[in-house]
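Open the model in your viewer and keep the selection tool at hand. The stops below say what to pick and what is there.

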Amino acid sequence: MGSRSNRSRRYAEEFKRDAVALVRSSGKTVTEVAREIGVSAEGLRNWVKQDTVDRGQGTPGELTSAEREELRRLLRQNREQAETIEVLRKAAVFFVKESDR
């Protein structure tokens, strides 16, 4: 237990930007750069792809990082509001039953 092998690591945005810049400027493959800096090739590949989208060079329909964050925020807000509505619905049912007594 306590091993990080089954959990993904969180890297600072600056580290990700520097890693993507290294891929773009070095002429090396993503796999080579990933091995050099000690990250997974797939993770670095995802960072490069997301950077491409954020630069407006992605395929239509792909979300930028800002759009992804906004979507996460809205989904969280939606979930919280749904929970609030459910609590209020249960409270209304309770008070209706109490007033009928």
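Select Val30, Thr31, Val33 and Ala34 in α2, then Ala41, Leu44 and Arg45 in α3: these residues meet. Contact here means heavy atoms within 4.5 Å. By class, this α2–α3 contact has five nonpolar residues, one polar and one charged. Ala, Val, Leu, Ile, Met, Phe, Trp, Tyr, Cys and Pro count as nonpolar, Asp, Glu, Lys and Arg as charged, and the others, Gly among them, as polar.

This is a predicted model, in which local features need pLDDT of at least 70, side-chain atom pairs count only at pLDDT 80 or more, and totals for chains, interfaces and linings use all residues. Residues are numbered from 1 along each chain as its sequence is written, and side-chain values use heavy atoms, with hydrogens and water left out.

Now show both helices whole. Helix α2 covers residues 30-37 and helix α3 residues 41-54; their axes come within 8 Å and cross at roughly 115°. Helices are DSSP runs (H or I, at least four residues), numbered from the N terminus. Axes are lines fitted to C-alpha atoms over the stretch in contact, and angles run from 0 to 180 degrees between N-to-C directions. α2 passes α3 in a right-handed crossing: the near helix is turned clockwise from the far one by less than a right angle.

The axes of α1 and α3 come within 9 Å and cross at roughly 90°. The two are therefore roughly perpendicular (65 to 115 degrees; under 35 is roughly parallel, over 145 roughly antiparallel, the rest oblique). On α1, pick Phe15, Lys16, Ala19, Val20, Val23 and Arg24; on α3, pick Leu44, Trp47, Val48, Asp51 and Thr52. This contact has seven nonpolar, one polar and three charged residues.

Turn to α1 against α2. They pack at about 135°, axes 10 Å apart, which makes α1 oblique to α2. Select Phe15, Ala19, Leu22, Val23 and Ser26 of α1 with Val30, Val33 and Ile37 of α2. Here seven residues are nonpolar, one is polar and none is charged.

Last stop: the largest pocket, with a volume of about 790 Å³. Of its 27 lining residues, Glu13, Lys16, Asn46, Trp47 and Gln50 are closest to the centre. Which helix gives the most to the lining? α3 does, with nine residues. The lining divides into eight nonpolar, seven polar and twelve charged residues. A pocket is an open set of points on a 1 Å grid over the protein atoms alone, where a 1.4 Å probe fits, with protein on both sides within 12 Å along at least five of seven lines; lining residues have an atom within 4 Å of a point. Its volume is the space filled by probe spheres set on the points, which are joined across faces, edges and corners.
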